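Here is a short briefing on one protein chain. Keep the structure open while you read, and find each residue as it comes up.

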Amino acid sequence: MTFDELQLEFKERYQTGEGNLKAVFAPGRINLIGEHTDYNGGYVLPCAISNGTWLLAQSNSGGVLRFLSLNFSETAEIPIDKIGEKSKVSWVNYPLGVINQLLARGLKLTGLDMLFYGNIPNGAGLSSSASIEVATATLLNHYFNLGINDLEIVKLSQKAEVEFVGVNCGIMDQFAVTINRKNHALFLDCRTLDFELVPLAFDGYKIVICNTGIKRQLAQSKYNERVAECAKAIDFIKQVHPVDYLGQLTLSQYNSLKHLITDSTIRRRVTHVVTENQRVLDAVNALKNGNIKLFGSLMNASHHSLRYDYEVTGKELDVMVEEALKVDGVLGARMTGAGFGGCAITILNETAVDSFIDQVGERYKNKTGFIPEFYISETNDGAKMILL
Ligand code: GLA
């Protein structure tokens with residue numbers, strides 16, 4: 001769907017538009033490494049991708065918010081005085097949560113007609129939710145001249161997901177979708193929010209996104225359970241070592257106290273977080289030194305840790321990664337995002353892409369019965385207004 005076609009759709013569906021039509025694009029993201037570390041105050045290294053969400057909006061004088069999406073058949077029309085209530089249409093709660101956050105920051109809302117369209121596969125772990133949230137926040141910020149800066153857009157979008165949608169997510173996705181730049185990965189310290197945009201020198205290599213075809217439902221999955229397990233670990237560790245987040249523990253500090261964690265499940269969760277955090281630091285150095293081979297092996301170690309210590313992969317992601325690693329020219333593969341289905345990513349020699357898709361596609365289908373999809377990932381900038 002081109003942007004011109006989207007504008008036509010908007011005009012056809014909303015016949016009565018009155019104010020200026022404005023539009024924004026917000027990308028999705030992949031995370032190269034640093035999984036389940038963000039809500040632990042650790043490090044992450046995501047990139048924004050070319051797939052994303054378009055949002056077109058125009059004010060109306062009817063005093064209502066209208067939500068349409070080309071991806072979902074359900075629509076909503078909500079009077080402005082009812083926007084504090086959750087919608088029965090589940091996708092609408094993402095933009096609605098953001099609008100509620102903006103109201104708390106002084107937004108004086110008028111009626112608004114909105115049309116969403118996204119080409120991020122839904123439930124694939126590529127952050128379609130953060131993309132919708134950040135698109136909404138960025139567009140309304142411009143539409144109503146709120147003067148909110150990017151960091152605040154990130155924070156309020158995450159808050160919307162936690163408080164309105166009910167997923168205790170970290171800040172990585174909203175950060176990546178807002179702040180990232182093309183040809184860069186975002187090295188973010190999720191505790192201090194200090195970040196660095198690290199150039200991606202992947203000459204001769206490609207990143208392929210491998211969709212298992214298994215949708216994950218973040219709110220209903222074990223995500224919140226992992227967040228709770230990490231909180232439990234911190235309560236325990238605090239008694240012997242002064243930390244507020246698992247991400248503050250260095251490997252050597254952890255090694256000296258891990259025998260005190262008697263619950264073996266909790267211990268494995270912490271092992272993942274602490275080792276993953278170190279892997280992000282090592283991966284950033286590898287990138288800066290142009291050592292793509294090392295980068296690939298850190299991705300492999302990350303998947304192993306997510307599989308055995310954090311237990312968030314599942315059969316399909318494991319088969320995808322195992323099959324990916326059998327192909328000549330592949331340097332690394334791992335799940336990306338929350339896990340429990342969704343996508344893996346792999347880094348491979350660009351000459352191996354076609355045979356990779358053929359081989360892994362066939363073997364994955366034979367072993368799991370699901371049809372995978374593959375996308376060659378291009379990096380992207382964070383959210384941008386495209387029609388002022
Ligand atoms: C989801 C969450 C993120 C992060 C990842 C796991 O994408 O939204 O905040 O926790 O899972 O790394």
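Leaving aside neighbours within four places in sequence, Leu387 is in contact with Phe3, Gln7, Leu21, Lys22 and Ala23. Leu387 belongs to strand E14. This is a predicted model.

- Leu387 is partly exposed, because its relative accessible area is 24% and buried means under 20%.
- The C-alpha atoms of Leu387 and Ala57 are separated by 10.0 Å. Along the chain, these two residues are 330 residues apart.
- Lys22, one of the contacts of Leu387, sits in strand E1.
- Is Lys22 buried or exposed? Lys22 is buried, with a relative accessible area of 14%.

**Helix H1**

- Helix H1 covers residues 3-13. Its residues Leu6, Gln7 and Phe10 are buried.
- What covers the buried residues of H1? The cover includes strand E3 (46-60), strand E6 (111-118) and strand E14 (384-387).

**Ile30 in strand E1**

- Strand E1 also holds Ile30.
- Ile30 counts as buried, at 1% relative accessibility.
- Which residues does Ile30 contact, leaving aside neighbours within four places in sequence? They are Pro46, Cys47, Ile49, Leu126, Ile207, Ile209, Thr336, Ile345 and Ser377.
- Ile30 and Tyr254 are 224 residues apart along the chain. Their C-alpha atoms are separated by 28 Å.

**Two loop residues with positive phi**

- Most residues other than glycine have a negative phi.
- His36 has a phi near 60°, which is positive. The residue is in the loop between strand E1 (22-31) and strand E2 (43-44).
- His36 is buried, with a relative accessible area of 4%.
- Phe340 has a positive phi too, near 55°. Look for Phe340 in the loop between strand E10 (330-336) and strand E11 (343-349).

- Gln158 is part of helix H4 (residues 150-165).
- With a relative accessible area of 19%, Gln158 is buried, because the cut-off is under 20%.
- Gln158 touches Cys169, Gly170, Ile171 and Gln174, not counting residues up to four places away in sequence.
- Between the C-alpha atoms of Gln158 and Glu133 the separation is 8.1 Å. These residues are 25 residues apart along the chain.
- Asp318 is in helix H10 (residues 315-325). At 8% relative accessibility, Asp318 counts as buried.
- What does Asp318 touch, not counting residues up to four places away in sequence? Its contacts are His303, Arg307 and Thr313.
- Asp318 and Thr212 are 106 residues apart along the chain. Their C-alpha atoms are separated by 9.8 Å.

**The whole protein**

- How many helices and strands are there in the protein? There are 11 helices and 14 strands.
- A compact globule of 388 residues would have a radius of gyration near 21 Å. The protein has 21 Å, so the two agree.
- The C-alpha trace spans about 65 × 55 × 40 Å along its principal axes.
- Of the 388 residues, 59% count as buried.
- Take the contacts with a separation of 6 or more: 73% of them come from residues 24 or more positions apart.
- The accessible surface is about 15,800 Å². Carbon and sulfur atoms make up 48% of this surface.
- The protein has 37 positive and 43 negative side chains. The centres of these two sets lie 4 Å apart.

Key
Residues are numbered from 1 along each chain as its sequence is written. This is a predicted model: local features need pLDDT of at least 70, side-chain atom pairs count only at pLDDT 80 or more; totals for chains, interfaces and linings use all residues. Side-chain values use heavy atoms; hydrogens and water are left out. Helices (H or I, at least four residues) and strands (E, at least two) are DSSP runs, numbered from the N terminus. Buried means under 20% relative accessible area, exposed over 50%, partly exposed in between (1.4 Å probe, protein chains only). Contact means heavy atoms within 4.5 Å. The radius of gyration is taken over C-alpha atoms; the globule rule is 2.2 Å times the number of residues to the power 0.38. Accessible areas come from the Shrake-Rupley method with a 1.4 Å probe; for residues, only the protein chains shown count as cover. Lys and Arg count as positive and Asp and Glu as negative; His and the chain ends are not counted. The place of a charge is taken as NZ of Lys, CZ of Arg, CG of Asp or CD of Glu.
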